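Reader: I would like to go through this model term by term. Please set each label against its rule.

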Amino acid sequence: METLYWACLIGGAIFALVSVLFGDLFDGLLEGSFELAGVEFLNSTVIASAITTFGGAGILLMKYTELDTAGHVLLSLLFGVLGALTVFFAYIRPARNSEVSTGFSMRELAGKIGEITVPVPEKGYGEVMIKLVSGNTLHTASSFEAKPITAGTRVVVVEVADGVLRVAELDSL
């Protein structure tokens, strides 16, 4: 039994070391290989942490307790499951939920304040710069009120139609 525990501990440690050193190189190689449909917590990192914890706990329980084989196997399994749950809820799940996107929808631009960078004629198109949290973005603009708008004028986006921001001068509202 001790050989199994050592194999699990050493195998898990090697997996962790290889993941840290060559994770980007092998990115996606094991992705999904341990996943079951509808069971989100079974992935290679969680399973490896369970096996490593099982091996480490088994070695410690054999050495420092008077339990029989069944006792330390059951406790090692319990520690392995607890280790896997800890890794999932303390590391994997928060990492999945923390993905940040700098993308935006054109519909979200209605009501935003911007500045004309290329003059907008009465009937035609110019360009407006909108400042977002992720940075500045330039878009094609047309005049909502059918009035020319000069470069440098602050405007508000009234609506978005066919990928064009329809803008009006901020002071004229």
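Reader: What joins S2 to S3, and through how many residues?

Author: A hairpin does, through 2 residues. This is a predicted model, where local features need pLDDT of at least 70, side-chain atom pairs count only at pLDDT 80 or more, and totals for chains, interfaces and linings use all residues. Residues are numbered from 1 along each chain as its sequence is written, and side-chain values use heavy atoms, with hydrogens and water left out.

Reader: How do you know that S2 and S3 pair?

Author: Two strands pair if DSSP finds at least two bridges between them. Strands here are DSSP runs of E, at least two residues long; helices are runs of H or I, at least four; both are numbered from the N terminus. S2 (residues 126-132) and S3 (residues 135-143) have 7 bridges, in the antiparallel sense. The rule asks for at least two, so they pair. Within this pairing, Ile130 is bridged to Thr137 of S3.

Reader: In which sense do S3 and S5 run, and over how many bridges?

Author: They run parallel, joined by 3 bridges. S5 covers residues 164-169. Ser143 has Val167 of S5 as its bridge partner. Ala141 is bridged to Leu165 in S5.

Reader: What makes S4 and S5 a pair?

Author: S4 (residues 154-161) and S5 share 6 bridges, antiparallel. Val160 is bridged to Leu165 of S5. Leu165 is also the bridge partner of Ala141. S4 and S5 form a hairpin with 2 residues between them, and Asp162 in the turn has a positive phi of about 55 degrees.

Reader: Why is the contact between Arg166 and Glu159 called a salt bridge?

Author: The rule wants a side-chain nitrogen of Lys or Arg within 4 Å of a carboxyl oxygen of Asp or Glu. The closest N and O atoms of Arg166 and Glu159 are 3.7 Å apart.

Reader: Why are Arg166 and Glu159 called partly exposed?

Author: Buried means under 20% relative accessible area, exposed means over 50%, and partly exposed lies in between (1.4 Å probe, protein chains only). Arg166 is at 24%. Glu159 is at 32%. Both values fall in between, so both are partly exposed.

Reader: His139 is in strand S3. Is His139 buried or exposed, and how do you know?

Author: His139 is buried, because its relative accessibility is 12% and the limit is under 20%. Contact means heavy atoms within 4.5 Å. Leaving out residues up to four places away in sequence, His139 touches Phe104, Met106, Leu109, Gly126, Glu127, Val128, Ile130 and Leu165.

Reader: What makes His139 and Thr137 a polar contact?

Author: A polar contact is a pair of N or O atoms within 3.5 Å; within protein, one must be able to donate a hydrogen and the other to accept it, and residues adjacent in sequence count only if both atoms are side-chain atoms. The side chains of His139 and Thr137 are joined at 2.9 Å. That distance is within 3.5 Å, so the term applies.

Reader: Where does Ser49 lie, and is Ser49 buried or exposed?

Author: Ser49 lies in helix H2 (residues 44-64). Ser49 has a relative accessible area of 13%, so it counts as buried. Its side chain reaches the backbone oxygen of Val46 at 2.7 Å. Ser49 touches Gly83, Ala84 and Val87, not counting residues up to four places away in sequence.
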